[in-house]
There are 2 protein chains.
Amino acid sequence: MATLSDVAARAGVSVSAVSRVLSNAPETRVSEETRDRIRRAARDLGYRPNSAGRALRSARSNVVALIVPDLMNALFVELVRGVEDAAIDQDYLVLMGRTEDIEPGGERAHKLLGEGRVDALLLQPGDKPLPLESLGGFANSRPVIRLNSVGEDEPGSATMPDEVGARVATRHLIDLGHERIAFANGISESYTAERRARGFRAAMGAAGITVDEALVTAYGYTPSDGERAAAQLLAATPRPTAIFVANVNAAVGLLAYARKAGVQVPRDLAVVALHDSWTAANTWPPLTTVTMPSYELGRRAFDEVHRRILGEEPSNIRVDDPPPRLIVRESTVPLR
Amino acid sequence: MATLSDVAARAGVSVSAVSRVLSNAPETRVSEETRDRIRRAARDLGYRPNSAGRALRSARSNVVALIVPDLMNALFVELVRGVEDAAIDQDYLVLMGRTEDIEPGGERAHKLLGEGRVDALLLQPGDKPLPLESLGGFANSRPVIRLNSVGEDEPGSATMPDEVGARVATRHLIDLGHERIAFANGISESYTAERRARGFRAAMGAAGITVDEALVTAYGYTPSDGERAAAQLLAATPRPTAIFVANVNAAVGLLAYARKAGVQVPRDLAVVALHDSWTAANTWPPLTTVTMPSYELGRRAFDEVHRRILGEEPSNIRVDDPPPRLIVRESTVPLR
DNA sequence: TTGAAAGCGCTAACAC
DNA sequence: GTGTTAGCGCTTTCAA
């Protein structure tokens, strides 16, 4: 691999001149002619900066870590893409990891966060809150932003319009004539679950419908959580005619359970879920969902940590554009 | 962050002594007593090696890249886990990326592969072959291993027992009494598709059943490829009574199409798919699948690149333990 | 406008 | 058994 001094030799200039030109130092006067010679030499040699040299010198790696609960989750595809797109614009690379990689005190956590490998952390730990202290001091020296997993006022938060999304979904069921509407939410420790509950209750209240607390569950966001919710909700009497599921993965499990229990969706039961993913289009029946601005959350969150890496003041992110949007498929029909 | 010389100062020894002790240099004589002092000082200071310094000095980053087609794909969960588990054992970190990140000549590809950031590449580009030349010379200087995506004899290949898996799946349908068996395969450029086809044909041949070429498709491994396959296969007359789908994601799409077309699985059509994933348990009906040793592939592939990083001779990996195993769910029943 | 040189944290060859 | 030192590739201050 060609180094700076290889380029310098070939261009007949000093390494510092090459460095200034190739790293686009903002305030630097280099004649157009040397500039050209340097650029040409670099191109001829296929020069690429050595990341270790640069990182060592500048105490910055130009890498951020993005941690999500699991990578198999179609929900995070858009988020990841948003972060990556914003990162590459600033010449940054994204190191992806799973929540289990940063289990407090674990060897992976140290390797990932403790060796100067990443300049900042974008964290979406799942529905169980993960305190900053468990990051082994990382949060004291580097920016950490928590993606839709803490309260909107907590420092370093980036949040999505969960409440609006929940309202849109619930409103859809109400518009279809449903009144006996169940709500399969995430666990109550989770901030997203809290916000989604607010949206659900707001929509119900606005329509003058009293929420039957027996029709509200709080098991979580996985398919098996959805099954448990279904088991409980479908046993209620009278049975709900519609369910709003706070997460599309849970909805997949819920649908599977309903099927087994002989409950026909959408004829006997309308189902709408928050978040969209490819799985939603491939369930039977295809799921009506509400999309959330995950891509935007990713972009904005990266931009925020980048600002902070540059030493600017932290500010909290609230993404509400584009707004949650209903995608009607076949799991919801008007109440008979 | 504490550095080596901080530790040295605190322990009252030289940096080289500290380096020798903390990096476990194999052949080094340091008295037990200094060793202890150094370890204690390091612990007190919370010392962690700086990755940039180490990488610059040793021309090695202790990071490997793992590229898969997309991270939303539940298929790769076990593979990723296998690679990560093997990596951490050797003090390595895994940088995950998607095939689109290394689009030839793209900026991300250069940042990822061209700046000395990774010591090796584990590549599973999807079903379209990706020539090594498009890696911008990376393959000339660093180990690259291709995960179940090239022929078994190609240098740097790591392959799964696709043929056996396909045989197990097909055999299952035959055992249930089916004879008019369709095969929804991946695209024909793909080596996995070729191997799966071999397994399918072997099982059919062994049972003395002639393959009806009208019942063989080659669209690919995504849900929409599965839909296309279903559209063609369900239009055949007489209709097949069973389908072996070469990929579980395609099977999800195929199932959705069958549903829409009013074909009842498993009563009218038995479906078995290769690979298992959480989605398979949540389709309707739940899919009968054949698991593949993805976790093992990940582990073995990492171990192989690690050997090569250490300068040992390349060898090809064939994983066949544990062998493919049938998981009977509800999408297959005996022929009426 | 350009160059010389120091030094980021680490390892390893060499000296004692 | 332990210490000294050079140098990996880069950026940046300072001098010319």
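Here are some notes on the two-chain model above, starting with how it was handled.

1. Ground rules. This is a predicted model, so local features need pLDDT of at least 70 and side-chain atom pairs count only at pLDDT 80 or more, while totals for chains, interfaces and linings use all residues. Residues are numbered from 1 along each chain as its sequence is written, chains are lettered from A and ligands numbered from 1 in the order in which they are written, and side-chain values use heavy atoms, with hydrogens and water left out.

2. The A/B interface. Chain A puts 51 residues into the contact and chain B puts in 51, where contact means heavy atoms within 4.5 Å. About 4,800 Å² is buried between the two chains, with carbon and sulfur atoms giving 60% of that. Buried area here is the accessible area (1.4 Å probe) that two parts lose on being put together, summed over both. On the chain A side, look at A:R48, A:M72 and A:W278: they supply 14% of the area that chain A buries against chain B, more than any other three residues.

3. Salt bridges across the interface. The count between chain A and chain B is 12, taking a salt bridge as a side-chain nitrogen of Lys or Arg within 4 Å of a carboxyl oxygen of Asp or Glu. A:E84 pairs with B:R98 in a salt bridge, and their closest N and O atoms are 2.1 Å apart.

4. Salt bridges overall. Over all chains, the count comes to 68. A:R10 and A:D44 form a salt bridge, with the closest N and O atoms 2.6 Å apart. A:R10 sits in helix α1 (residues 4-11) of chain A and A:D44 in helix α3 (residues 32-45) of chain A, so this pair ties together parts that are 34 residues apart in sequence. Helices (H or I, at least four residues) and strands (E, at least two) are DSSP runs, numbered from the N terminus.

5. α10 against α11 in chain A. These helices pack at an angle of about 45°, with their axes 6 Å apart. Axes are lines fitted to C-alpha atoms, for helices over the stretch in contact, and angles run from 0 to 180 degrees between N-to-C directions. α10(A) and α11(A) are therefore oblique to each other; angles under 35 degrees count as roughly parallel, over 145 as roughly antiparallel, 65 to 115 as roughly perpendicular and the rest as oblique. On α10(A) the contact residues include A:P223 and A:E227, and on α11(A) they include A:L254 and A:Y257. The contact residues split into 6 nonpolar, 3 polar and 2 charged.

6. α10 against α11 in chain B. Helix α10 (residues 223-233) and helix α11 (residues 248-260) of chain B have axes that come within 6 Å and cross at roughly 45°. This crossing is right-handed. Among the contact residues are B:G226 and B:A230 of α10(B) and B:G253 of α11(B).

7. α2 against α3 in chain B. Helix α2 (residues 15-22) and helix α3 (residues 32-45) of chain B pack at about 85°, axes 10 Å apart, and are therefore roughly perpendicular to each other. B:A17, B:V18, B:V21 and B:L22 of α2(B) meet B:R35, B:I38, B:R39 and B:A42 of α3(B). That contact divides into 6 nonpolar, no polar and 2 charged residues.

8. The peptide bond from A:T237 to A:P238 is cis, omega near -10°, and A:P238 is in the loop between α10 (223-233) and β8 (242-245). Another cis peptide bond joins A:V265 and A:P266, with omega about 5°. A:D91 is not a glycine, yet has a positive phi of about 65°; A:D91 lies in the loop between α5 (77-89) and β2 (93-98).

How values were computed:
A crossing is left-handed if the near helix is turned anticlockwise from the far one by less than a right angle, and right-handed if clockwise. Ala, Val, Leu, Ile, Met, Phe, Trp, Tyr, Cys and Pro count as nonpolar, Asp, Glu, Lys and Arg as charged, and the others, Gly among them, as polar.
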